[in-house]
Structures are given as structure tokens and as C-alpha cells.
Amino acid sequence: MLQHSLPHSIENIRDASKKKRERILKEYLEAPERTTEEGSSPPSVPSYLKADGLIESHLARTKLELALTYPTPAERAYTRTMAASYRFDLDTEKGTLSEVSIAALSGPLQVGADLHVAASFFSTMVAAADDYLDAEGAFDIYGQTLFYVTHAYRDMVDLALEAELKAGTLNEEELLEIRSRLALVLTTLTSSETTTGADEYLYRKSCGDSVVSVLFPASKADNYTRKICAEIGRKTGEAGQLIDDVLDYQYDLQNSKKNYIVMSDISVEDALDGAYERIEGASKCAARLDHSEPVSWVLGALTEVVELLRERHASGQECTPETVTLSRHVGALIDTALPANQFLAWF
């Protein structure tokens, strides 16, 4: 399949984000443990890592953050040490679609800060947490280490936000409100583990409107624009989750995992129709925005993925993450050697 050329706006987002992401990752991995002039402090166990369970540890960390208590260099050093066997690769394109999606809406929302870089680390953290909770994917390689990896990526979310504060693109009040909204995203996502209703599960597992609302504290846009962007986030978030559930359908069915298709007793075709309808609805919303070209590109990428999955399913083949690598949009955006599931992320 011929590769799809990138619009300059998307190419610029990708390249600039990659450089900043690599810089933050390098800063995190090479940070010295020295905390005083007299010497080095040994790594110390963060209190939130003593919580009973992964979700509980992140909620405990959120509670501390909202009380303006953040990990110390020694605590970050402990997490980094515990996650040392994990491959934090400076050369990968992890989180690319997350960055592009958030940056695409940052235009209409008039957001000056590079919050899409923090979003990249956040989405990778969520992916690692899902693998840990479901004991699949990266868990097969890293096992319990993945628990610490989720907090390492959360450390990088903090570093990305702190970089914007130092650059003057955010102030302290805005940063605190962003953290509060990130807390809402986390609690919404984690609540999907216990919800029983299919529609409620679909929303909570994607929560795209809550994700978009994280941009609002740094936005200069009016309420009308914010409402449209939140609706785009909700629709594309649910579309992305439907795509993900199609890709995981056979595995989830065999292993009694949560999956919208199974929970709602619909077919794969119905799920793909639902994803397409939501993308179409998001496109209509995007048409009402200024500076929406990058948003339209992302929606086009999702549409192409849906069409590829439809073709594969119609031919009697199983829909797998590898199908995504056939997308011209994906081929233009990221290295095709990247695991296909890295492409999928909500706004």
C-alpha cells in the first residue's frame, strides 16, 4: 500500500514532540541521585508505592499531588531503580497519536503549553497499567516490574508539566487545575474496572471528554469551542475504544476479559459501525472549528483503520493489531516497526 504523505502541521507536531519527549526521557533516566551539597541521598520508597494494588497506588499518589506533595529526587530514583529492567527507548515513537491528537485540539483551544508531550507519557502509563492489570502484553516480559514502570512514566508526566512551568507557558494555578483534571481522568478510567453496564464501561474506559478538559486551564478559547472539542474527544475516545475491543475481541472472549462487544452482545460489524458513526459525528463537530486541519487528519486516520478492519473481517480473517500497520496514515506517522497497539489512543 502506498504511504500517505503527512500534512506539514502533523509533521511539525510529530518532530517537535519527539525531540521534547526524548529530552525529558533522557533527563529522567540520567538524573543524579544527589539531593544535597554534602552528598547523595539513597533512593527512598515513595509512600504511595506501599499501597495495596496498582490502582490504589496511583490514587494515593494523586491525593498527595493535589495536596502539593510531589515525589522527591530520591523517590524518583527508587522508582527508576525498580523499573531498571524495562527498556525505556529514546528512539521509539511511543505515544505519537496521543501527542498529535492533543496537539490538534490545542490549536482550536488556543493552548500555548506543549501539554501533548505530557499526554504521550500519560497514555503510555495507562497502556502499561492495562497490561499489568490484565497480565498480558508487556506483563509477559516484565511481570511485576511493570508496576514500577507505570509510576516511572508518571514521573515523566510530572517532568513534562514542570518543564512548561519553567518555560512560563503555565502558571502554578493552571498546573494545579491540570493535575486536578488528570485526577478525574484517572478515577474515571479506573472505575471502568468495576462497572457492569456496557455503555458506561465504554465511556469510562475512554473518557475522551475528560481527557480534553485537561487542556482547558491553559486554554484561551471560549466555552462554545471548549464544548465542541470535548464532544470530539468523547466521540473519538469511544470510537478508539471500540476499535481496541475489536482487536482484542477473540482474546477477551476466551479469557473472560471486559469488552464492549461481549458485554453488549453485538457483532464485530456492529462495533465497527459504531466506531464509524462516532468518527463521523466528530468530523461534523470539527467542521465548526477554526484551525481544525490537524483534527481532520486524525479523524481520517481512525476512519482508515475502521475500513481496514471491516475489510479484514468481511474476508473471514481475524482482526489483529497488525492490521493497523497497513494504514497509510500510520505508515506516514510512525516507524512501521512500532507495535501496532501504540497507534491506538484516545484524544
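Trainee: Which residues does Glu 75 touch, not counting residues up to four places away in sequence?

Mentor: This is a predicted model. Glu 75 sits in helix α3, which spans residues 73–82. Leaving out residues up to four places away in sequence, the contacts of Glu 75 are Ser 44, Val 45, Pro 46, Ser 47 and Tyr 70.

Trainee: How far from Glu 75 is the nearest side chain of opposite charge?

Mentor: Glu 75 is buried and has no salt bridge. A salt bridge needs a nitrogen and a carboxyl oxygen within 4 Å. For Glu 75 the nearest side chain of opposite charge is that of Arg 76, and the distance is 7.7 Å.

Trainee: Which residue forms a salt bridge with Arg 76?

Mentor: The closest N and O atoms of this pair are 3.0 Å apart. The pair links distant parts of the chain, 86 residues apart, with Arg 76 in helix α3 and the partner in helix α7 (residues 145–167). Arg 76 counts as buried, at 12% relative accessibility. The partner is Glu 162.

Trainee: How many salt bridges does a search of the whole structure find?

Mentor: Side chains of opposite charge can pair when their charged atoms come close. The bridge between Glu 162 and Arg 76 is an example of such a pair. For the whole structure, the search gives 22.

Trainee: Why are Glu 11 and Arg 14 separated by about one helical turn?

Mentor: The side chains of Glu 11 and Arg 14 meet in a salt bridge, at 3.9 Å from N to O. Glu 11 is partly exposed, with a relative accessible area of 28%, whereas Arg 14 is buried, at 16%. Both belong to helix α1 (residues 8–30), and they are about one helical turn apart because their spacing in that helix is three residues.

Trainee: Arg 179 forms a salt bridge with which residue?

Mentor: The closest N and O atoms of the pair lie 2.9 Å apart. Arg 179 is in helix α8 (residues 172–191) and its partner in helix α7, so the bridge ties together parts that are 21 residues apart in sequence. The partner is Asp 158.

Trainee: Which residues are linked with Arg 179 and Asp 158 in a network of salt bridges?

Mentor: The bridge between Arg 179 and Asp 158 belongs to a network of salt bridges.

Trainee: At what angle do the axes of helix α2 and helix α5 cross?

Mentor: Helix α2 covers residues 54–66 and helix α5 residues 115–134, and their axes come within 10 Å. The contact is made by Leu 54, Ile 55 and His 58 of α2 with Met 125, Ala 129, Tyr 132 and Leu 133 of α5. These residues divide into six nonpolar, one polar and no charged. The crossing angle is roughly 145 degrees.

Trainee: Is His 58 buried or exposed?

Mentor: His 58 lies in helix α2. Not counting residues up to four places away in sequence, His 58 touches Met 125, Thr 150, His 151 and Arg 154. The relative accessible area of His 58 is 7%, and the cut-off is under 20%. His 58 is therefore buried.

Trainee: What is the phi of Ala 135 near?

Mentor: Most residues other than glycine have a negative phi. Ala 135, in the loop between α5 and α6 (139–142), has a positive one. Ala 135 is partly exposed, with 40% relative accessibility. Its phi is near 50 degrees.

Trainee: And what is the phi of Asp 265 near?

Mentor: Asp 265 lies in the loop between α13 (260–264) and α14 (268–286). Asp 265 is exposed, with a relative accessible area of 70%. Its phi is also positive, near 55 degrees.

Trainee: What radius of gyration does the protein chain have?

Mentor: The chain has 16 helices and zero strands, and its C-alpha atoms fill a box of roughly 65 × 45 × 40 Å along the principal axes. Buried residues make up 54% of the 347 residues. A compact globule with 347 residues would have a radius of gyration near 20 Å, and the chain agrees with that, at 20 Å.

How values were computed. Residues are numbered from 1 along each chain as its sequence is written. This is a predicted model: local features need pLDDT of at least 70, side-chain atom pairs count only at pLDDT 80 or more; totals for chains, interfaces and linings use all residues. Side-chain values use heavy atoms; hydrogens and water are left out. Helices (H or I, at least four residues) and strands (E, at least two) are DSSP runs, numbered from the N terminus. Buried means under 20% relative accessible area, exposed over 50%, partly exposed in between (1.4 Å probe, protein chains only). Lys and Arg count as positive and Asp and Glu as negative; His and the chain ends are not counted. Contact means heavy atoms within 4.5 Å. Axes are lines fitted to C-alpha atoms, for helices over the stretch in contact, and angles run from 0 to 180 degrees between N-to-C directions. Ala, Val, Leu, Ile, Met, Phe, Trp, Tyr, Cys and Pro count as nonpolar, Asp, Glu, Lys and Arg as charged, and the others, Gly among them, as polar. The radius of gyration is taken over C-alpha atoms; the globule rule is 2.2 Å times the number of residues to the power 0.38.
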